[in-house]
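Please look through the structure below before reading on.

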Amino acid sequence: MELWQALARWANQRPDHLALLTVESRLTYAQLASSSGALAKRLESVPGNRIAVHTSDPIEMAIAFYAIARSGKTLVVIDPAWPGNLATSMATALQCDFVLESTVPRPLPGVPRFALPPEPPEPGEYIAPATKTHCAEDLLIICTSGSSSRPKAVLRSAASWEASLSAGATILGASPDDSTLCPSPISHGLGLYAMVESLHTGGTFVASGKWDQKGVASLLARVSCTRIVSVPTILGKVLALDDPARFSSLRLVISGGESLDQETMQTLHQMAPSARCVEYFGSSEHSLIAYRERLANHPRTPYFDGQLFPGVQAHTHEATPGSGFGSLYIDSPFNAKGYDLSSDSVIARCGTAIGIGDQAKLLGSNRIVLSRRNDGMMNLNGNNIHPGEVGAALNAEGLANAVVRIDASSAPARLLAYTVSPPRNPSALLTGLQKHLPQYKIPHQIIYLRSWPETFSGKLNASALDFQDLDIERSDWLR
């Protein structure tokens, strides 16, 4: 079902059902369809095709998303967390004709502006019949986080998102009866997709628009959420709100990105014993790729071992004979069209499949084992080192979720491990690691952080793992 058709269906069938709840406002399905339809009518009359959306407010984003889809134009997400010069240069490079923005972000100079939220229409005005739509083929341009380089603009078609919504909703547990909490930024891929998924299936989307501890606590006190969709770092913060009653109705947690650490899994199980947890693996370029159900007694592993989503086909190139891991290529109806022409990046292709940039091996018809994003092979002073192997050894010795890096600034280069686990006795730790690893794979130095550096979206900012501006509790030399 097309995006606008689905919204019109819910507006007609359950007009007074709550579609969105934010810290400051709420919107029913009738109000969402009416407001986005009115804005779509205005957008249809303006020249140009690309409409930038520059907001952190979920209600503004929802109105803008459906208005742009309904008008047949293309939505360009401009992250309000970006520095002003980056936001302006991205809007210029992506040739945005207009910008929809509230008064909260800094305005984008040089781009004609429509105010958000728009003027409310008369009750019932502009709710188009479900069969009347001209949703754009090029639905939106969403940018990667840009935590280590300039953001890359990924062009998605309406068909690719509609296909992923159809295939993923059942597995990810979205339904008309659900209230879905998303405490992540609405301008990033996970937050935006979670919003559209919730609205597409007729549920209630509960969101703060960005991580806001007081705001999330307020939302949880006002509504009984049945689902949470977030990245691991923000999910841990949500569960740390220390009120089990807030999660009494929780039945499902959807986690994207890195795997959840064991401490978060134990907290989740204590807070909501009956809740299921589904971890999924995907990217802006490929949408949904693989998923797995994570049980409370399943420890975090160096690999993602899961099932391909329905409709996803995978193959590898140049697989290593010993391990079976090779460069992963994905062919599915969810794939993006590619990077925008303004980007210097290109997507590796093999026929209709596109490269993911990760290592994986395939087991059977739909089981896949993926090496983690920060888990590529490294070479230290002539020796090949797999970070996942070192991380697994550290985990076995009580240092969970360590990130292993090479420090090439010294001569010879050194192997470093970062963790937020409590510090261990260096000599005892070294003795333990020698049971698992040869000497050249043992980190030279263990750096204990009080907290991980994070990107705007709450993900681990691995590029910031150096000795500048880190909250270091202790640092021990092992060799």
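A residue is called buried when its relative accessible area is under 20%, exposed when it is over 50%, and partly exposed in between, using a 1.4 Å probe and protein chains only. The model is a predicted one, in which local features need pLDDT of at least 70 and side-chain atom pairs count only at pLDDT 80 or more, while totals for chains, interfaces and linings use all residues. Residues are numbered from 1 along each chain as its sequence is written, and side-chain values use heavy atoms, with hydrogens and water left out.

E279 is buried, and R292 is buried too. Their side chains form a salt bridge, with N to O at 2.9 Å; the term stands for a side-chain nitrogen of Lys or Arg within 4 Å of a carboxyl oxygen of Asp or Glu. This pair links distant parts of the chain, with E279 in strand β13 (residues 276-283) and R292 in strand β14 (residues 287-293), 13 residues apart. Strands here are DSSP runs of E with at least two residues, helices are runs of H or I with at least four, and both are numbered from the N terminus.

By this rule there are 13 salt bridges. One of them joins the side chains of D305 and R367 at 2.6 Å, N to O. D305 lies in strand β15 (residues 303-308) and R367 in strand β21 (residues 367-371), 62 residues apart. D305 counts as partly exposed because its relative accessibility is 29%, and R367 counts as partly exposed because its value is 34%.

R450 and D471 also form a salt bridge, their closest N and O atoms being 3.0 Å apart. Both residues sit in the loop between β26 (445-449) and β27 (472-477), 21 residues apart. D471, at 34% relative accessibility, is therefore partly exposed. Salt bridges that share partners also join E279, R292 and R294 into one network.

The last topic is a pair of helices. The axes of α8 (residues 232-239) and α9 (residues 262-271) come within 10 Å and cross at roughly 40°; axes are lines fitted to C-alpha atoms, for helices over the stretch in contact, and angles run from 0 to 180 degrees between N-to-C directions. So α8 is oblique to α9, since angles under 35 degrees count as roughly parallel, over 145 as roughly antiparallel, 65 to 115 as roughly perpendicular and the rest as oblique. In contact, meaning heavy atoms within 4.5 Å, are L235, G236 and L239 of α8 with T264, T267, L268 and M271 of α9.
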